[in-house]
Amino acid sequence: QERLVESGGGLAQAGGSLRLSCAASGRTFLVRTMGWFRQAPGEEREFVASIMWNGVYTSYADSVKGRFTISKDTVNTVDLQMNSLKPEDTAVYYCAAARGDGIRSAEMYNYWGQGTQVTVSS
């Protein structure tokens with residue numbers, strides 16, 4: 001019954017910013033971790049960031065640390081602020097939800113959004 005919908009993707013210049021949002025609905029009380037993943041063509045889905053359901057604990061991939069910020073402004077939303085964007089950040093970004101804690105592996109997430117395209121030009 002969990003449904004995730006991403007928004008905010010688009011085109012940005014290198015060095016620019018985008019803010020992604022994910023709205024969750026359904027049995028959100030089952031969710032312990034919310035995460036953002038990305039997948040570029042021909043590549044595996046890559047962990048980007050995660051946040052505990054109450055917003056206390058966050059985790060980031062080394063490639064985005066210091067540039068991206070994950071936040072949970074409401075109980076049913078999670079955002080990803082992306083600053084200092086690089087062309088390497090170009091990918092489809094997915095919001096995901098998991099019943100476990102501290103999950104960085106895509107295989108362990110239970111619910112997924114449809115994805116939103118982020119394209120960073122040089």
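A salt bridge here is a side-chain nitrogen of Lys or Arg within 4 Å of a carboxyl oxygen of Asp or Glu. By that criterion, a search of the whole structure, which is a predicted model, finds 7 salt bridges. Three of them are set out below.

| Salt bridge | N to O distance | Relative accessible area |
|---|---|---|
| Arginine 19 and aspartate 73 | 3.4 Å | arginine 19: 37%; aspartate 73: 53% |
| Aspartate 62 and lysine 65 | 3.5 Å | aspartate 62: 67%; lysine 65: 52% |
| Arginine 67 and aspartate 89 | 2.8 Å | arginine 67: 11%; aspartate 89: 1% |

**Salt bridges**

The salt bridge of arginine 19 and aspartate 73 connects strand β3 with strand β7, and its two residues are 54 apart in the chain. Arginine 19 is partly exposed, while aspartate 73 is exposed. In the salt bridge between aspartate 62 and lysine 65, aspartate 62 counts as exposed, and lysine 65 is exposed as well.

Arginine 67 and aspartate 89 also form a salt bridge. Arginine 67 sits in the loop between β6 (58-60) and β7, and aspartate 89 in the loop between β8 and β9, with 22 residues separating them. Buried means under 20% relative accessible area, so arginine 67, at 11%, counts as buried. Aspartate 89, at 1%, is buried too. Salt bridges with shared partners join Arg67 and Asp89 with Arg38 and Glu46 in one network.

**Strands around β8**

Strand β3 (residues 18-25) runs antiparallel to β8 and is joined to it by 6 bridges. In this pairing, alanine 23 stands opposite threonine 77 of β8. Strand β7 (residues 68-74) also pairs with β8 in the antiparallel sense, over 5 bridges. Isoleucine 70 has leucine 80 in β8 as its bridge partner. Between β7 and β8 there are 2 residues, and the two strands form a hairpin.

**Disulfide**

The structure holds 1 disulfide. The bond joins cysteine 22 to cysteine 95, with an S to S distance of 2.1 Å. The link between cysteine 22 and cysteine 95 is left-handed, with -80° about the S-S bond. Because cysteine 22 lies in strand β3 and cysteine 95 in strand β9 (residues 91-98), the pair ties together parts that are 73 residues apart in sequence. Cysteine 22 is buried at a relative accessible area of 2%, and cysteine 95 is buried at 0%.

Notes: Residues numbered from 1 in each chain as written. Predicted model: local features only at pLDDT ≥ 70, side-chain atom pairs only at ≥ 80, totals over all residues. Heavy atoms only, no water. Pairing = 2+ DSSP bridges. Helix = DSSP H or I, 4+ residues; strand = E, 2+ residues; numbered from the N terminus. Disulfide = S-S within 2.5 Å. Buried < 20%, exposed > 50% of the residue type's maximum accessible area, 1.4 Å probe, protein only.
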